[in-house]
Amino acid sequence: MYSSNLTGFILAMVSSAFIGSSFIIKKKGLRKAGVNGPRAGSGGYGYLLEPLWWIGMLTMIIGEIANFVAYIYAPAVLVTPLGALSIIVSAVLAHFMLKEKLQKMGMLGCLLCIVGSTVIVLHAPEERSISSVEEIWALATQPAFLLYTASAVATALVLSLYCAPRYGQTNIIVYIGICSVIGSLTVMSVKAIGIAIKLTLEGTNQAGYLQTWIFAMVAITCIIIQLNYLNMALDTFNTAIVSPIYYALFTSFTILASAIMFKDYSGQSAGSIASELCGFITVLSGTAVLHSTRDPDTPLITDLYTPLSPTVSWYIQGNGELWKQKDEDGSTPSFITNVRQDYFK
């Protein structure tokens, strides 16, 4: 069982390296796409024609595949917190490739993430033995997890339909909040699919169960939603801020969802649970330090529901008289002259 956790740990490390790199590559692609058309943060999809963005997507897919396999061999409470390593990769690469300076306190944040991740690995619970996808379905349909699922979906709907149009461009929690709550459901469905594939490869075919395909459809839907809002967050805010906040919220919701659905902490001693929580808090502290040492990007658009007030501009004509124009149509007079400093002498 411990060798299974070790396999999951190694795969999670590989996943973090690829996913951390993908943040930077996709960000560069989004910047290039934003030069020639509407930015993703403003609802544009020009990045779909940018090769660099697709390279970043391929890198992320490789990382997610490694992450997917890691969930087969290790519990979510072990694999998910190790995503902090992707923050370190992202912060270091952003320092060199995006010129987003990593300060000394940011380096301390990276160290805290490593220490916290080590504590989590040492005290991670054993993976629960599951014999069929029907058993996973029974876990997913228990009242406690159904209540969590309903709450997550309701939260995502409120954030996407009400908060995103009004505050998405100025409040980083809106886009990342949607990614995080939906992401916790993604992890649960992905883990279910992974276990089904593992059982099938071992000789017990799970493809004939309807529940397997339901989990697959849920996973695909959630992944599409995550990618859409993650792109919007990356294009609107600083990468070094998006990464740690996304990690903190996503990991918190995922650990909560996994604890409810799979009962990961069942049978663990109070000391092991406390140690793992301390490790997680240490990782969160590291992400907070990284966040505090970064300067956010200036938002491109303010509240979309705030009406634009017309402005009044004053221009000086060549004869020294003032000419006033109400800038409602954005036009400017063609007879504006440059006022030289010696004109007033």
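Visitor: Quick one to start: what counts as a helix here?
Guide: A helix is a DSSP run of H or I with at least four residues, and helices are numbered from the N terminus. Keep in mind that this is a predicted model.

Visitor: OK, so which helix is S16 in?
Guide: S16 sits in helix α1.

Visitor: Is S16 buried or exposed?
Guide: Buried. The relative accessibility of S16 is 4%, and buried means under 20%, so S16 qualifies.

Visitor: What does S16 touch, then?
Guide: Skipping residues up to four places away in sequence, S16 touches L82, G83, L85, S86 and V89.

Visitor: Switching topic. How do α8 and α9 pack?
Guide: Helix α8 covers residues 172-201 and helix α9 covers residues 210-236. Their axes are 8 Å apart, at an angle of about 150 degrees. Angles over 145 count as roughly antiparallel, and α8 and α9 are therefore roughly antiparallel to each other. Their crossing is left-handed.

Visitor: And what classes of residue make up that contact of α8 with α9?
Guide: There are 21 nonpolar and 6 polar residues, with no charged ones.

Visitor: What about α6 and α9?
Guide: Those two pack at about 55 degrees, with axes 9 Å apart. That makes α6 oblique to α9. The crossing of α6 past α9 is left-handed.

Visitor: Which residues meet there?
Guide: From α6, V133, E134, I136, W137 and A140 meet Q211, T212, I214 and F215 of α9. By class, the contact of α6 with α9 has 6 nonpolar, 2 polar and 1 charged.

Visitor: Let's talk cores. Which residues touch the most other members of the largest nonpolar core?
Guide: That core has 64 residues, and the ones touching the most other members are I136, F145, Y175, M188, L230, V242 and M261.

Terms used:
Residues numbered from 1 in each chain as written. Predicted model: local features only at pLDDT ≥ 70, side-chain atom pairs only at ≥ 80, totals over all residues. Heavy atoms only, no water. Axes fitted to C-alpha atoms, helices over the stretch in contact; angles between N-to-C directions. Parallel < 35°, antiparallel > 145°, perpendicular 65-115°, else oblique. Left-handed = near helix turned anticlockwise from the far one by under 90°. Nonpolar A, V, L, I, M, F, W, Y, C, P; charged D, E, K, R; others polar. Core = buried A, V, L, I, M, F, W, Y, C linked by side-chain atoms within 4.5 Å. Buried < 20%, exposed > 50% of the residue type's maximum accessible area, 1.4 Å probe, protein only. Contact = heavy atoms within 4.5 Å.
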